[in-house]
Amino acid sequence: RLSTVESFNPATNDWATEAPLLLAKARSTNSLIGTTIVAAGGLTDTAVTGDNEGYNASTNIWTSLTSDPTPRSHTCSGLANGSLFSAGGAAGAAETAIAVNEAFSLTRNKWTNEASMPQAVAAAGSAVNKGLLYCFGGSSKISIPPGTVYNNVQIYHP
């Protein structure tokens, strides 16, 4: 779990160290909303977190945002219709997949409940195309060995 943040400048082919995350974590849900990078949820050294923070590249400052009401990691996520969608993921000590789907609005600094996923899934691949959130595959839990591995696509229409 890291709090380290670095940026790459392709014009100079150089990396630079930026302000660290407020909370060291891994497997967070991340997206650029307008000019703010949002890092929500993820794993700390001890548990999943609902921590949510935003980064302003102009000021090099992270600020706390409204926490995700469903602490989790390994979500299917993407930006659609101006909101960050966080679907499924792994929650609790058993790291079991959940079907919860929530959206974060940066302008309102608020999470809203959305329609649940038909199949609870963690660690699904994700993409957004034409305003639709696609969740590819995933597993019933995050562990070694993994739980049931799914070979499907779930599509959310915000």
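Buried here means under 20% relative accessible area. At 9%, glycine 50 therefore counts as buried. That is a handy place to start on this predicted model.

**Around glycine 50**

Glycine 50 sits in strand E5, which covers residues 48–56. Leaving aside residues up to four places away in sequence, glycine 50 touches Gly41, Ser67, Asp68 and Pro71. Valine 149 is another story: 99 residues separate glycine 50 from it along the sequence, and the C-alpha to C-alpha distance is 25 Å.

One of those contacts, Asp68, has a charged partner of its own. The side chains of aspartate 68 and arginine 72 meet in a salt bridge, at 3.4 Å from N to O. Aspartate 68 has 6% relative accessibility, so it counts as buried, and arginine 72, at 2%, therefore counts as buried too.

E5 pairs with E4 in the antiparallel sense, over seven bridges. A hairpin of four residues connects E4 to E5, and within the pairing alanine 40 stands opposite asparagine 52 of E5.

On to strand E4 itself, residues 36–43. Seven of its eight residues are buried, so the rest of the structure largely encloses this strand. E4 also runs antiparallel to strand E3 (residues 29–33), with five bridges joining the two. Leucine 32 has isoleucine 37 in E4 as its bridge partner. The hairpin of E3 and E4 has two residues between the strands, and glycine 34 in this hairpin takes a positive phi near 65°.

**Salt bridges**

How many salt bridges does a search of the whole structure find? The search turns up four. Three of them, including the one between arginine 72 and aspartate 68, are listed here.

| Side chains | N to O distance |
|---|---|
| Aspartate 51 and lysine 25 | 2.6 Å |
| Lysine 25 and glutamate 53 | 3.6 Å |
| Arginine 72 and aspartate 68 | 3.4 Å |

Salt bridges with shared partners join Lys25, Asp51 and Glu53 into one network. Lysine 25 comes from the loop between E2 and E3, while aspartate 51 is in strand E5, 26 residues apart from it. Glutamate 53 is in strand E5 as well, and 28 residues apart from lysine 25. As for cover, aspartate 51 and lysine 25 are both buried, and glutamate 53 is buried too.

Most residues other than glycine have a negative phi. Arginine 27 is found in the loop between strand E2 (14–17) and E3, and at 56% relative accessibility it counts as exposed.

Alanine 123 also has a positive phi, of about 60°, although it isn't a glycine. The loop between strand E12 (110–113) and strand E13 (125–129) is where alanine 123 sits, and with a relative accessible area of 40% this alanine is partly exposed.

Both residues turn up in the contacts of histidine 74, which include Arg27 and Ala123. Histidine 74 also touches Leu43, Gly89, Ala90, Ala122, Ala124 and Ile142, again not counting residues up to four places away in sequence. The loop between strand E6 (61–64) and E7 holds histidine 74. Is histidine 74 buried or exposed? Its relative accessibility is 12%, so it counts as buried.

**The disulfide and a nonpolar patch**

A disulfide is a covalent bond between the sulfur atoms of two cysteines. A search of the whole structure finds one, formed by cysteine 76 and cysteine 135 with their sulfur atoms 2.0 Å apart. Cysteine 76 lies in strand E7 (residues 76–80) and cysteine 135 in strand E14 (residues 132–139), so the pair ties together parts that are 59 residues apart in sequence. The torsion about the S-S bond is about -90°, which means the disulfide is left-handed. Cysteine 76 counts as buried because its relative accessibility is 1%, and so does cysteine 135 at 3%.

Strand E14 also holds phenylalanine 136. With a relative accessible area of 38%, phenylalanine 136 is partly exposed. Together with Val153 and Ile155, Phe136 makes a nonpolar surface patch of about 260 Å².

Note on methods
Residues are numbered from 1 along each chain as its sequence is written. This is a predicted model: local features need pLDDT of at least 70, side-chain atom pairs count only at pLDDT 80 or more; totals for chains, interfaces and linings use all residues. Side-chain values use heavy atoms; hydrogens and water are left out. A disulfide is a pair of cysteine sulfur atoms within 2.5 Å. Buried means under 20% relative accessible area, exposed over 50%, partly exposed in between (1.4 Å probe, protein chains only). Patches are made of residues with over 30% relative accessible area and no salt bridge: like charges are joined within 9 Å, nonpolar side chains (Val, Leu, Ile, Met, Phe, Trp, Tyr) within 5 Å. Accessible areas come from the Shrake-Rupley method with a 1.4 Å probe; for residues, only the protein chains shown count as cover. Contact means heavy atoms within 4.5 Å. Two strands pair if DSSP finds at least two bridges between them.
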